[in-house]
Amino acid sequence: MTKKKSDDKHDFIKAPLEPEGAKKSKKVKDNAKQKDLERNKVDNSGKAFTTNKGLKMAEEEFSLKAGKRGPSLLEDFHLREKIMHFDHERIPERIVHARGVGAHGVFKCTKDMSEYTKATLFTEVGKETPLFTRISTVAGSRGSTDTPRDARGFALKFYTEEGNYDIAGNNIPVFFIQDAIKFPDFVHAVKPEPHNEIPQAQSAHDTFWDFITRNQESAHMAMWAMSDRAIPLSLRMIDGFAIHTFRFVNKDGKGTFVRFQWNPQLGVHSRVWDETLKVSGNDPDSQRRDLYDAIDEGNYPVWDFCVQMIPEEKEFDFTYDILDPTKVWPEEDVEKIKIGEITLNRNVDNYFAETEQVAFNPGNIVPGIDFTNDPLLQGRLFSYTDTQLLRLGGPNFAQIPINRPIVGVHNNQRDGWHQHMINKGPVAYQKSSIGDESPYYESVENGGFEHYQEKIDGKVIKARDDSFRDHFSQATAFYNSLSDVEKEHIINAFSFELTKVQRKEIRQNVVDMFANVDEDMAKAIADNVGADSPDKERGFDPAGVKPTKEALKVRMPEFSQENTIFKTDTLKVGIYSDDEDDFDFKSLTEKIEKSKAKAEIIQKTLKETKDGVRVDHRYDTVHPVLEDSLIIVVPEKPSDEFMKNVKEFAEETYKHYKPLWIIGDAKDILDKDKQDDPGVMVTKDMSDIDKFIENVAKQRFWDRNGSI
Ligand code: HDE
């Protein structure tokens, strides 16, 4: 490489490629998709600068001009190429799920499912299939915050040996509507209102709640959206559900109804509302950062991948229609079976190339999987290709590196925008003697795809079966399966949302409608928002049917977060302390990290502690809501800077029910009457560390004074 002399003046700002202190990821075993992507990776290091046509340029400081002070010239092809590219750097964002984060990973089969499906990713124990995931919020635009109250999209693309298999799911097991034809209405209602484009990424406004009360099939999902599930602590702590009923097909052609879900080994955990609002302002990227950092540090999140199955003969044995996407299959009805594990182990190299350009489609299936007549699923099978055609600029988006399968693609499709394949020869049609009858069609026995031959018998009609008309039984069963704290959070969420609804009639309609879920709940919400006492009958749309007694008996304790997994792994322990203190930070942080939690020291500056431990934050550049628990190390003579923020740190941690430990004199830090509350520790030294670590695993202590 030769370097022009005149460039030397810039050398004093040489910056390393990686930021200081960047952690190195654990080396992950190469997989087929990773190797495939390597082909497209660009390495600029040590290379001469070129235009897009490969021309080396000697300089890029000035555009070409007629005279040093003259106008720019049209013949400056480099200026034109650069600006032209810049002008076209944006593509349409996704209509829904615009904000997302992506990661690579692997699916490992842990149970041979060949009795039910011939899909090879599920039939060989130990087999690993590379995958890509994109986790998203639904309503906000691409630049919105990570933490609104919203469902999270959780889409998986398995790069199988039989082609790509996608599950584009959510972290909530049901959906707002039963038929795809209502989707545009639903999305228009939840998105910012069209006249003023307010509010961004929020359901707390009139049109959303108007839609809900006018479309009562939404009752169940609305309950989930108001629950803690919609404000997750971390994307590593959410469930994934394919929602729809799919079909497994085995090699004898026998079908079995199946639902997929994947559950995090870290448990499902949430924030409290006040906290999530503050996180939004303090770190709008908190959730994508959390996922990125965890993977970067080698703390790979793992999900148990599970199925629930119903034999075709039992299709009509339930109190709900098993094809209804507004219903779950409670585990008391249908056993959940773990069949594999998903591990996310590699961050993307380039957000746009991978996360933005990835194209999921529930219609991407492999032999052994098929669709059912779920009317919501049927509409999705059309929508995804259609939207991607526009978003990714033409019909060849399956050739984009992140989308292309790890197996060869052979057909006689040709041309179109961004065609990358060079198909040789004169044949561009199927069945040709010139082309030696290639590509040939694979037999079903050898893995050729054949659609499931479901018998269909019915009239062409615009209607839905009566079996889809009970909209409240599972909404009630869900509410009744939650803990008191979770119920209180739902009441508070409804109250918050309705307080933002301007039209009194809509507030009233909501409390009337949700009295059909639980009258006490609706009454409490009505009291909070100043609505009249709820009237259940007025709030019931006669297009629906009332739940039967039997349907109301159902319980789903599996969905209460009280019954989730609790462990310390990767939870953050903030250590608020004074940089002049001689405290033994080394031992404290080592003990915390031994428990797999993460210690983060917060001091006046980023200089190391006196005993040489890395300091992560300054007092005023981190907010206590960004820590999962807090230790305050009080020095004998605290500095003014230490005292300035310490009360806020203590109060916020206390108020959000998180573990709090004050080592030293707590007098000027936390009110005396709060010091004996659950999850609060005040001690002279750090000998009680084990107790604190237990508290960190518990995460929240709901039986403190006050409620959120
Ligand atoms: Fe989607 N959905 N959706 N959706 N959806 C899209 O496709 C659509 C539905 C889901 O990370 C779009 O490429 C219709 C249910 C996820 O790239 C679009 C209906 C579930 C993602 C679309 C639904 C989902 C999308 C927008 C009603 C949970 C993000 C951009 C029938 C099971 C995938 C795009 C990613 C994205 C249409 C309902 C999940 C417009 C018509 C139910 C996770 O095609």
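# Reading a predicted structure, feature by feature

Biologist: In which helix does Y384 lie, and how is a helix assigned?

Modeller: Y384 lies in helix α9, which comprises residues 375-391. Helices here are DSSP runs of H or I with at least four residues, strands are runs of E with at least two, and both are numbered from the N terminus. The model is a predicted one, in which local features need pLDDT of at least 70 and side-chain atom pairs count only at pLDDT 80 or more, while totals for chains, interfaces and linings use all residues. Residues are numbered from 1 along each chain as its sequence is written, and side-chain values rest on heavy atoms, with hydrogens and water left out.

Biologist: Which protein atom is the donor of the iron atom of the ligand?

Modeller: Donors are N, O and S atoms within 2.8 Å of the metal (3.2 Å for Na, K and Ca), and since water is not among the atoms, a site may look incomplete. In this model the only protein donor of the ligand's iron is the OH of Y384, at 1.9 Å.

Biologist: Which residues does UniProt list for "binding site", and how should I take such a record?

Modeller: UniProt positions are given in the numbering used here with feature names shortened, and the annotations may be inferred rather than shown by experiment. The unreviewed entry lists R94, R134, F183, R380, Y384 and R391 under "binding site". The UniProt record also places a "domain: Catalase core" over residues 50-438, again from an unreviewed entry; over that stretch the chain is 20% helix and 20% strand, with the end C-alpha atoms 41 Å apart.

Biologist: Are R380 and R391 buried or exposed, and what do they touch?

Modeller: Buried means under 20% relative accessible area, exposed means over 50%, and partly exposed lies in between, using a 1.4 Å probe on protein chains only. R380, found in helix α9, has 15% relative accessibility and therefore counts as buried. R391, also placed in helix α9, counts as buried because its relative accessibility is 5%. A contact requires heavy atoms within 4.5 Å.

Biologist: Which residues of helix α3 are buried, and why do they line one face?

Modeller: In α3, residues 183-190, the buried residues are F186, V187, A189 and V190. Seen down the axis of α3, these buried residues fall within an arc of 160 degrees, so they line one face of the helix; the arc is that of the directions from the helix axis to the C-beta atoms. Helix α4 (206-214) is included in what covers the buried residues of α3. The loop between α3 and α4 holds P199, and the peptide bond from I198 to P199 is cis, with omega near 0 degrees.

Biologist: In what order do the six strands of the open sheet run, and what packs on the sheet?

Modeller: Two strands pair if DSSP finds at least two bridges between them. The order is β13-β12-β11-β14-β15-β16, with parallel pairing, and the edge strands, each pairing on one side only, are β13 (617-618) and β16 (680-683). Four bridges join β15 (residues 660-663) to β16 in parallel, and W661 stands opposite M681 in β16. Helix α15 (residues 585-594) packs on the sheet, touching β11 (572-576), β12 (598-603), β14 (629-633) and β15, and its direction makes about 145 degrees with that of β12. Helix α17 (residues 689-698) packs on the sheet too, touching β11, β14, β15 and β16, at about 150 degrees to the direction of β14. For these angles, axes are lines fitted to C-alpha atoms, for helices over the stretch in contact, and values run from 0 to 180 degrees between N-to-C directions.

Biologist: What is the phi of T570, and is T570 buried or exposed?

Modeller: T570 is not a glycine, although its phi is positive, at about 65 degrees. T570 lies in the loop between α14 (549-552) and β11, and its relative accessible area of 10% is why it counts as buried. K431, likewise not a glycine, has a positive phi near 70 degrees; K431 lies in the loop between α9 and α10 and counts as exposed because its relative accessibility is 69%.
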